[in-house]
Amino acid sequence: MKDPIQKYFDVGTIQWMTYPPQTYPVSEALKKIACDDYFGAVEITHIEDMEARRQVREMLRQSHLRVSYGAQPALLGTGLNPNDLDDDKRLKAQNLLMAAVDEAEYMGAGGIAFLSGKWKEETKEQSFRQLLKTCEAVCLYASEKGMMVELEVFDFDMDKAALIGPAPYAAEFAVEIRKRCSNFGLLVDLSHFPTTYETSEFVIRTLRPYITHFHIGNAVVQKAMEAYGDQHPRFGFPGSANDTAELLDFFRILKAEGFFNCRRPYTLSLEVKPWKNEDGDIILANTKRVINRAWALLEE
């Protein structure tokens, strides 16, 4: 493509993945991203320290970045399940997501993203109904603030083992929620396609009417290999599933399905993290190189 990718997408990165908070203080990480004009978007998550939260909020106000908020780490960190069959436990997850909406609003984000909880085959349909209750309540709460709620599609039997799940089941869920809430969408991630045994073409065409947000990254799906599962290693990681060719195919499908929108661009964020002692700056540069190469190979 002759036009830069930024013409068609708000290219972002996921702050807590690019610069893991165990190594990079959140305000330091956010400043690195805000000073990099490759990005038009950033995704943040819960910031416990109120002073750090205030500092990040001020940087975001100055940055002209499109802000998204991920509630996935809070759910995973607490073990709360938005499709828990125990309604008291489900309500705890629902309340956590509503608190995430409040924090996202404070930080200037346009909405939140979350993931479904674990499930068992024998209770799959009950879990589906429980997730509908949680999602509808959170969507209605977010709609009062003019905000979106997005459900990220994860693997169903490899690592996160989330209810949503394979693309056809995600579509079934989206149909039901969209009947009730117009501020709902699906977030799909190239990293997860190998973990659900699906292709870019299948996922994007199956979920076409409901997709509102994209992630790109890599995964290792060979058992016994380092970084196996939903670990988001760098492109070029040994034994991994995605690289330039897979990203190029992803871009071709997005183009064919009409997702290149220069007037109202979708957010497309990098979800790649340093593995063990790798350097976040180098891994970020690696990811940009792969994006730039795949984009350059994309036909007009």
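**View 1. Cys-262, a partly exposed cysteine.** With 46% relative accessibility, Cys-262 lands in the partly exposed class (buried is under 20% relative accessible area, exposed over 50%, partly exposed in between, with a 1.4 Å probe and protein chains only). This is a predicted model, where local features need pLDDT of at least 70 and side-chain atom pairs pLDDT 80 or more, while totals for chains, interfaces and linings use all residues. Numbering runs from 1 along each chain as its sequence is written, and side-chain values use heavy atoms, leaving out hydrogens and water.

**View 2. Cys-135 and the disulfide count.** Taking a disulfide as a pair of cysteine sulfur atoms within 2.5 Å, the count is 0. Cys-135 is in no disulfide, and its nearest cysteine sulfur, on Cys-139, sits 4.0 Å away. Cys-135 counts as buried because its relative accessibility is 0%.

**View 3. Phe-251 in the largest nonpolar core.** A nonpolar core here is a set of buried Ala, Val, Leu, Ile, Met, Phe, Trp, Tyr and Cys residues joined through side-chain atoms within 4.5 Å. The largest has 93 residues, and Phe-251 is among those touching the most other members, as are Phe-9 and Phe-173. Beyond four places in sequence, Phe-251 touches residues including Ile-5, Phe-260 and Trp-295 (heavy atoms within 4.5 Å).

**View 4. Glu-271, buried without a salt bridge.** The nearest side chain of opposite charge, Lys-160, is 7.7 Å from Glu-271 (a salt bridge puts a side-chain nitrogen of Lys or Arg within 4 Å of a carboxyl oxygen of Asp or Glu; Lys and Arg count as positive, Asp and Glu as negative, with His and the chain ends not counted).
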